[in-house]
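Subject: A structure for you to look through

Dear colleague,

Please open it first, and then read the notes below beside it.

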Amino acid sequence: MINIDKLVKKAQKGNDKAFLKLFKFYEEELYRIAYVYVKKKDDALDVIQETAYRSFKNIKSLKNPEHFKTWVIRITINCAIDHIRKNKKVVHLTEGYEEFIGDYDEDIPLKLTINELLDKLNTDEKSTIILKYYNGYTFKQISEILDIPLGTAKSILYRALKKLRYEYSKGEDISE
């Protein structure tokens, strides 16, 4: 079993190998979070690279080693949001093809619908939905990751779900 606190303390003292081992431990989960935001494999990998850079550069500022996971998830979310903002300014001349994780099956229209619905949420609402339903975090963990009060995390989630229900009922034929 990996001792996260010990690795964080070593990484904070400048041990590159400890940081790499620590980052690799969470990399798959961070990739999934980034992918939900940016929706493309290459963009998600760019977000992970930027997350690794920012977290390595700032690991000494982490006060509590036991909060490393929530800290690095927050960095991932911020990098994904920055990536989206940056790419809104880019004008694409041709439409690219989206890459999907997994095999082609009948659920693809549903996946497109979910992505379209998530795009209708603001950043906090989208983050809360992703952390709760894509990653299975508790409200307490979500409040720590997003650095908001527990009650606020619950309110944001319920508001987001209400918005999603409304948008879904308004455009039930999105996937057709």
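Helices (H or I, at least four residues) and strands (E, at least two) are DSSP runs, numbered from the N terminus. By that definition the protein has eight helices and zero strands, and along the sequence these follow the pattern α-α-α-α-α-α-α-α.

Please keep in mind that this is a predicted model, in which local features need pLDDT of at least 70 and side-chain atom pairs count only at pLDDT 80 or more, while totals for chains, interfaces and linings use all residues. Residues are numbered from 1 along each chain as its sequence is written, and side-chain values use heavy atoms, with hydrogens and water left out.

Starting with the whole protein, buried residues make up 39% of its 176 residues, where buried means under 20% relative accessible area, exposed means over 50%, and partly exposed lies in between (1.4 Å probe, protein chains only). A contact means heavy atoms within 4.5 Å, and among contacts between residues at least 6 apart in sequence, 65% join residues at least 24 apart.

A nonpolar core is a set of buried Ala, Val, Leu, Ile, Met, Phe, Trp, Tyr and Cys residues joined through side-chain atoms within 4.5 Å. The largest such core here has 48 residues, and those with the most contacts inside it are Leu22, Tyr37, Phe68, Ile73, Ile77, Ile129 and Leu131. At least two residues of this core come from each of H1, H2, H3, H4, helix H5 (108–118), helix H6 (123–134), H7 and helix H8 (150–170), and H2 gives the most, with 13 residues. Leaving aside neighbours within four places in sequence, Ile129 is in contact with residues including Leu118, Tyr134, Leu157 and Leu164.

Ile33, which has its place in helix H2, is buried, with a relative accessible area of 0%. Not counting residues up to four places away in sequence, Ile33 touches Ile73, Thr76, Ile77, Leu131 and Asn135.

How do helix H4 and helix H7 cross? The axes of H4 (residues 68–88) and H7 (residues 139–146) come within 8 Å and cross at roughly 60°, where axes are lines fitted to C-alpha atoms, for helices over the stretch in contact, and angles run from 0 to 180 degrees between N-to-C directions. The contact is made by Thr70, Ile73, Arg74 and Ile77 of H4 and by Gln141, Glu144, Ile145 and Leu146 of H7.

Two loop residues deserve a careful look. Lys39, in the loop between helix H2 (16–38) and helix H3 (41–58), is buried, with a relative accessible area of 15%, and the side chain of Lys39 makes a polar contact with the side chain of Asp119 (2.6 Å). A polar contact is a pair of N or O atoms within 3.5 Å; within protein, one must be able to donate a hydrogen and the other to accept it, and residues adjacent in sequence count only if both atoms are side-chain atoms. Asp147, in the loop between H7 and H8, counts as exposed at 68% relative accessibility. Most residues other than glycine have a negative phi, but phi is near 70°, a positive value, for Lys39, and near 55°, also positive, for Asp147.

With best wishes
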